[in-house]
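Thank you all for coming.

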Amino acid sequence: MEEKRKALLVNECDFKGLKPIMMDLPYPPIQVRERNTAYANLLGIDYCGAVSELSAITQYINNENRISAENCSVAKTILGIAMAEMIHLQKLGDLICLLGGNVDYTAKFQNGRQKMWTPEYIDIPSNIRKMIMADIEAEKQAVNQYKMHMKMINDDCVNAVLARIIKDEEYHIMILKAL
């Protein structure tokens, strides 16, 4: 009796040496003028709200996982963008703590409502084109939200970091459109 050999399915996409995809500009120092929990709460929305760095990271990683065996070059780009979003998440977390807030994956809104982060916030389209379109839309929403929060925050140190993050988000939109 001849044994049948089953073919192995292999993902040969190699991510070794991959770097974050971001603007080649320094970030301002992570500092605040004074403690301000209202500002911390605004940044908490950017950290883990529906439109947030945590949502972006999760969406990008999900997309990368689903397409890496099919299209390695696009997957590498998506993962490089996710890595930049991780840096944004870390910087926001540091600012939140300096402002006197908590990094607890709960967005605290001005009306007193609180909402813990949920994967329901992410968009999981069925094909690469729709994934990229959803990613572009999420980046645009993030830019708009950061700009709105900058108008509400009267701290030049915090706003300098947000302005720098916006530069990365706009760069991501350009890269995603090129895909």
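Let me start with a question: is Cys13 buried or exposed? Cys13 is buried, at a relative accessible area of 12%, where buried means under 20% relative accessible area, exposed means over 50%, and partly exposed lies in between, with a 1.4 Å probe and protein chains only.

Before I go further, please keep in mind that this is a predicted model, in which local features need pLDDT of at least 70 and side-chain atom pairs count only at pLDDT 80 or more, while totals for chains, interfaces and linings use all residues. Residues are numbered from 1 along each chain as its sequence is written, and side-chain values use heavy atoms, with hydrogens and water left out.

Now to the partner of Cys13. A search of the whole structure finds 1 disulfide, a disulfide being a pair of cysteine sulfur atoms within 2.5 Å. That bond joins Cys13 to Cys72, with an S to S distance of 2.1 Å, and with 80° about the S-S bond the link is right-handed. Because Cys13 sits in the segment before H1 and Cys72 in helix H3, the pair ties together parts that are 59 residues apart in sequence; helices here are DSSP runs of H or I with at least four residues, strands are E runs of at least two, and both are numbered from the N terminus. Cys72 is partly exposed, with a relative accessible area of 25%.

What about Cys97 and Cys157? Cys97 is in no disulfide, and the nearest cysteine sulfur, that of Cys48, is 12 Å away. For Cys157, the closest cysteine sulfur is in Cys97 at 17 Å, which is too far for a bond, and Cys157 counts as buried at 7% relative accessibility.

Let me turn to the helices. H1 and helix H3, residues 72-98, pack at an angle of about 160° with their axes 9 Å apart, the axes being lines fitted to C-alpha atoms, for helices over the stretch in contact, and the angles running from 0 to 180 degrees between N-to-C directions. That makes H1 roughly antiparallel to H3, since angles over 145 degrees count as roughly antiparallel, under 35 as roughly parallel, 65 to 115 as roughly perpendicular and the rest as oblique. The residues in contact, meaning heavy atoms within 4.5 Å, include Leu43 and Tyr47 of H1 and Leu92 and Ile96 of H3.
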